[in-house]
Amino acid sequence: MNATQEYRRNAVMTASPEKLVLMMYDAAINFSRQARAKMEAREVAECGRLIGRAFNIVSELRVSLDADAGGPEGRTIASNLDRLYGFAMDGLLRANSRRTPEGLDEAISILSTVREGWQGVVAGV
């Protein structure tokens, strides 16, 4: 394991749950941006691999939602996040199947907005 991998491993192992979610947003956004660059470079296989990585992260965020946490307000937040994650996943799927950047742009926009909100949560913890 090289120094960069060791640093990342330690960052993940010592992060709070809130910080881990923030790291997942960062990774999904980063993979989506990289996929867009690969799409523009017509590197189809690498683009698809990166979209898959972003999709898997968003899928994990979606299945980890806890609608029972926080009472009625928590259920509303979880429901809204579920829809946003669904839209982001749809965008990623469209980008992958049609090989057009619009779906990636939509996913990046959604994830960046949710990440900004989550950053506020982490800052308040």
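**Helix α4 and its partner α2**

The buried residues of α4 pack against α2, α3 and α5. The structure is a predicted model, in which local features need pLDDT of at least 70 and side-chain atom pairs count only at pLDDT 80 or more, while totals for chains, interfaces and linings use all residues. Residues are numbered from 1 along each chain as its sequence is written, and side-chain values use heavy atoms, with hydrogens and water left out.

Helices (H or I, at least four residues) and strands (E, at least two) are DSSP runs, numbered from the N terminus. Buried means under 20% relative accessible area, exposed over 50%, and partly exposed in between, with a 1.4 Å probe and protein chains only. A contact has heavy atoms within 4.5 Å.

We can begin with the buried side of α4, which consists of Gly74, Ala78, Leu81, Tyr85, Gly86, Ala88, Met89, Gly91, Leu92 and Ala95. The expected span of a helix is 1.5 Å times one less than its number of residues. After α4 comes arginine 99, whose phi is positive, near 55°.

Helix α2 (residues 17-40) can be read in the same way. With 24 residues, α2 reaches 35 Å from its first C-alpha to its last, close to the 34 Å expected. Its buried residues are Leu22, Tyr25, Ala28, Ile29, Phe31, Ser32, Ala35 and Met39, and what covers them includes α3 (44-63), α4 (71-98) and α5 (102-124). Arginine 42 follows α2, and its phi is positive, near 60°.

Alanine 28 lies in helix α2 and counts as buried, at 0% relative accessibility. Not counting residues up to four places away in sequence, alanine 28 touches Ala54, Ile57, Val58 and Leu111. Alanine 28 and serine 59 are 31 residues apart in sequence, yet their C-alpha atoms are 10 Å apart in space. Serine 32 also has its place in helix α2, and its relative accessibility of 0% makes it buried. Leaving aside neighbours within four places in sequence, serine 32 is in contact with Ala54, Leu92, Leu104 and Ile108.

Aromatic rings come next. Rings of Phe, Tyr and Trp (its six-membered ring) pair if their centres lie within 6.5 Å; planes under 30 degrees apart count as stacked, over 60 as edge-to-face and the rest as tilted. By this rule there is one aromatic pair. The rings of tyrosine 25 and tyrosine 85 have centres 6.5 Å apart and planes at 40°, so the pair is tilted. Tyrosine 25 lies in helix α2 and tyrosine 85 in helix α4, so the pair ties together parts that are 60 residues apart in sequence. Both tyrosine 25 and tyrosine 85 are buried.

Finally, there is a pocket to look at. On a 1 Å grid over the protein atoms alone, a pocket is an open set of points where a 1.4 Å probe fits, with protein on both sides within 12 Å along at least five of seven lines; lining residues have an atom within 4 Å of a point. The second largest pocket has a volume of about 280 Å³. Of its 13 lining residues, Ser64, Leu65, Asp66, Leu81 and Trp118 are the closest to the centre. The elements giving two or more residues to this lining are α2 and α4, and α4 gives the most, with five.

Terms used. Grid points are joined across faces, edges and corners, and a volume is the space filled by probe spheres set on the points.
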